[in-house]
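Subject: Structure handover and notes

Dear colleague,

Please find below the structure I promised to hand over, followed by my notes on it. I would be glad if you read the notes with the structure open beside them.

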Amino acid sequence: MADRSTCEGCGKRFWISQLTPADDDDDRDLCPKCWDKNYDKILLKVKKMVKVMRGKYKREHGKFPYGLGRWAFEIGGKNYWFHDNEAILYSEAKKLAIEKAKTLNVLTITVLP
Ligand SMILES: [Zn+2]
């Protein structure tokens, strides 16, 4: 399943399958280069970068959230589903969840199992 995202650090598109940082509980849209080399700088640069917690999902399913599914996120104490009648890519759902979080001024959200 082709699942790509846009790096919030450098703006480049990258394949999510290329990288998944080892951190179970921090799923940011950073390409491997930005994640490895400029992580601290980028966090300073991108002030409203939303942290996506995926540890709960991983513990439940034994893998990172990825590909097509019906994705739910806890944002500011409420649960939100980001799909219509059909499943959507995790990367798309995450993008919508991050947008929602920004409108609510929430900086940490959680992928629900
Ligand atoms: Zn990057």
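Two strands are taken to pair if DSSP finds at least two bridges between them, and the helices (H or I, at least four residues) and strands (E, at least two) are themselves DSSP runs, numbered from the N terminus. Please bear in mind that this is a predicted model, in which local features need pLDDT of at least 70 and side-chain atom pairs count only at pLDDT 80 or more, while totals for chains, interfaces and linings use all residues. Residues are numbered from 1 along each chain as its sequence is written.

The chain and its sheet

The chain holds four helices and eight strands, and from the N terminus on these elements follow one another as β-β-α-α-β-α-β-β-β-β-α-β. Four of the strands form an open sheet in the order 3-8-5-6, with mixed pairing. Its edge strands are strand 3 (51-53) and strand 6 (78-81), each of which pairs on one side only. Neighbouring strands of the sheet are turned by 30 degrees against each other on average, direction ignored; axes here are lines fitted to C-alpha atoms, for helices over the stretch in contact, and angles run from 0 to 180 degrees between N-to-C directions.

Strand 3 and strand 8 run parallel and are joined by three bridges, and Val52 stands opposite Ile109 of strand 8. Strand 5 and strand 6, by contrast, pair in the antiparallel sense over four bridges, with Trp81 in strand 6 as the bridge partner of Ala72. The hairpin of strand 5 and strand 6 has two residues between the strands, and Gly76 in this hairpin takes a positive phi near 60 degrees.

Helix 4 against the sheet

Helix 4 lies across strand 3, strand 5, strand 6 and strand 8, and runs at about 15 degrees to strand 5. The 14 residues of helix 4 should span 20 Å at 1.5 Å a residue, and this agrees with its end C-alpha atoms, which are 20 Å apart; the expected span is 1.5 Å times one less than the number of residues.

Which residues of helix 4 are buried? They are Tyr90, Ala93, Lys94, Ala97, Ile98 and Ala101, where a residue is buried if 20 or more other C-beta atoms lie within 10 Å of its own, exposed if 12 or fewer, and partly exposed in between, with C-beta atoms placed from the backbone.

The largest nonpolar core

A nonpolar core is a set of buried Ala, Val, Leu, Ile, Met, Phe, Trp, Tyr and Cys residues joined through C-beta atoms within 7 Å. The largest one has 14 residues, of which Phe73, Ala97, Ala101 and Ile109 touch the most other members. At least two residues of this core come from each of strand 5 (72-75), helix 4 (90-103) and strand 8 (108-111), and helix 4 gives the most, with five residues. If residues up to four places away in sequence are not counted, Ala101 touches Val50, Ile75, Val106 and Ile109; two residues are in contact if their C-beta atoms, placed from the backbone, lie within 7 Å.

Asn105 lies in the loop between helix 4 and strand 8, and has a positive phi of about 55 degrees although it is not a glycine. Asn105 counts as exposed because 8 other C-beta atoms lie within 10 Å.

Asp29 is also in a loop, between strand 2 (13-15) and helix 1 (32-37), yet it counts as buried, with 21 C-beta neighbours inside 10 Å. Leaving aside neighbours within four places in sequence, Asp29 is in contact with Ser5, Thr6, Cys7 and Glu8.

Cys34 is found in helix 1 and counts as buried, with 22 C-beta neighbours inside 10 Å. The C-alpha atoms of Cys34 and Cys7, which are 27 residues apart along the chain, are separated by 8.1 Å.

With best regards
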